[in-house]
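Take a look at the model below before you read on. This briefing walks through a few spots in it, one topic at a time.

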Amino acid sequence: MSTRRQAKELLIHIFFLVVGASGIIILTLILLFLIMEGIPIFDTVSVKDFITGTMWYPTFDPPDFGILPLIAGSASVVVLSSLIAIPLGIGSAIYLAEIAHPKVRAVIKPAIELIEGLPTVVIGFFGMVVVAPFLQKWFGLDTGLNLLNASIMLAFMAVPTIASLSEDAIYSVPAHMKEGSMALGATHWETIARVILPASLTGISTAVILGIARAIGETMVVLMVAGGAAMIPESIFDPVRPMPANIAAEMGNTPFRSDHYHALFAIGLVLFVFTFIFNMIAAYLAQKHKQVGAASL
Amino acid sequence: MKKMKSAIFRMICMAAAVWLLAGTSASGSERITINGSTTVLPITQKVAEAFMKEYPHINVSISGGGSGNGIKALVDGTTDIGQSSRWIKPEEVKLAVDNGHYPVPFAIALDAIIPVVHPSNPVDNLSMDQLKAIYEGKIRNWQEVGGEDRSIVIISRDSSSGTFGVWSDVALQGGRPSPRAQLLPSNGAITQAVSSNPNAIGYIGIGYLNDSLKAISLAGIEPSYENAASGKFPVARTLWIFTDNWPKGNTLLFINFALHPEKGQKYVKESGYVPLY
């Protein structure tokens, strides 16, 4: 009887082990696939020429596989959208957690979280037909499909993540810390700036990095509004071609197992490394500044 | 409780059985699969509709994933017909033959690729040299080609699309477009971008031309169906469908239908392309 129970226990154990490990197994398989399909391009171009080359003409004879403009496109879009999204996101988090009336909070927070669920193609379409003509007229630009437009749209996507997760972090700062600060004569603003924000820094950094990580990998929005010129941007009004947009746009027409095909997978690999680094930073920050009760201050 | 559970289970089983039966009966009828270029897609869709009316027992399923995907599907043996807006590449032929498949081409229609600008742009004719210089980024202002004093925004298709391939061969004569060119993924995206930007120049298949765009004549030749069919208009291409080996059975039936001047070719014009006859 007991052996049967033990066998059952073991079966359940194995089942949950497989379920738990499936994420890692799938991730490993995807990574292996990326490497297998991406590496052959380096028979044609060296790693250095691939990363630092400034010309992306994959279908010409002879082809140029330089992805620096694509990396610059991704980086510039991410930096500019962070500059927009981080202050907005943290600002709304502080407002919601500390300043807003609970009734206001009960309405605004779900609304912000609802924005998070908007399909990205809808955001992209909005950027293309509403924001682009507006930017073009307002700044007298050659084109409204540019770095700034893409950054605004990506910031729009990242703000809900940042605001909602930061708000959770700020809200969970123990009340006695806040009360202690107030009792010592600090104003509400001083309490927010010197006590509450430092105490919730871990949660806020994680929120910021998760929000930005979403922007790096985002494809549809940048495909629709970034303009798609494979050039290193000189101003925020230049069109750019971030890596995910490039992969999405070119994969469908690429001859199977051609150099171009392998180059697109190699770009995917570069993109994977980027997001991996970001997630490592997030994990590291969360670990280093781990808040243990109220004692960590 | 246990009874109810088993009742629910029985119901699920029955639903699954019904669904499976329905599935087998549908796949019991004959099928042709077509895959490939989104440029050719509107033609094969219309032709397939008419074809299925005439041969109700044959089911034609079409998907569009780009010329490369269509040929890849043919090479893999996962489709009966691969549609492509460009000629098959040497490496694709090699891959197909290595896999034991022999792609056979059929021209299904002609397509003219025409340069378009915003309707407010006064320019209505460009020489081939001017067009080339604009796309290479050497001419940067509309004034230099007889227009207003506005900078030129170059809009192009992605360098891997079949449309781009023809454009770069004929209009750019193998030259490279300026890196400042905005690359967009579809005819629709180009229509949207050019119709909302007075500075822009782009190019689209003749079937996508509408009132929100102005077509440009090339070297004095108007982009019309007649000029495309006669070969006078310089930027025209043939649209292809490929079969694995010489077509047999239903596939042959479909190809004969598509190429018939009064049957399939009628729908070519309806979908905005230039018929073969």
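B:A219 is partly exposed, since 14 other C-beta atoms sit within 10 Å; by the rule used here, a residue is buried with 20 or more other C-beta atoms within 10 Å of its own, exposed with 12 or fewer, and partly exposed in between, with C-beta atoms placed from the backbone. This is a predicted model, where local features need pLDDT of at least 70, side-chain atom pairs count only at pLDDT 80 or more, and totals for chains, interfaces and linings use all residues. Residues are numbered from 1 along each chain as its sequence is written, while chains are lettered from A and ligands numbered from 1 in the order in which they are written.

- B:A219 lies in the loop between β10 (217-218) and α8 (225-229) of chain B; helices (H or I, at least four residues) and strands (E, at least two) are DSSP runs, numbered from the N terminus.
- Its phi is near 50°, a positive value in a residue other than glycine.
- Most residues other than glycine have a negative phi.
- B:N245 isn't a glycine either, yet has a positive phi of about 65°.
- You'll find B:N245 in the loop between β11 and α9 (249-259) of chain B, and B:N245 counts as exposed because it has 11 C-beta neighbours inside 10 Å.

**A tucked-in helix**

- Helix α6 (residues 162-170) of chain B has seven of its nine residues buried, so the rest of the structure largely encloses it.
- Among the buried ones are B:F164, B:V166 and B:W167.
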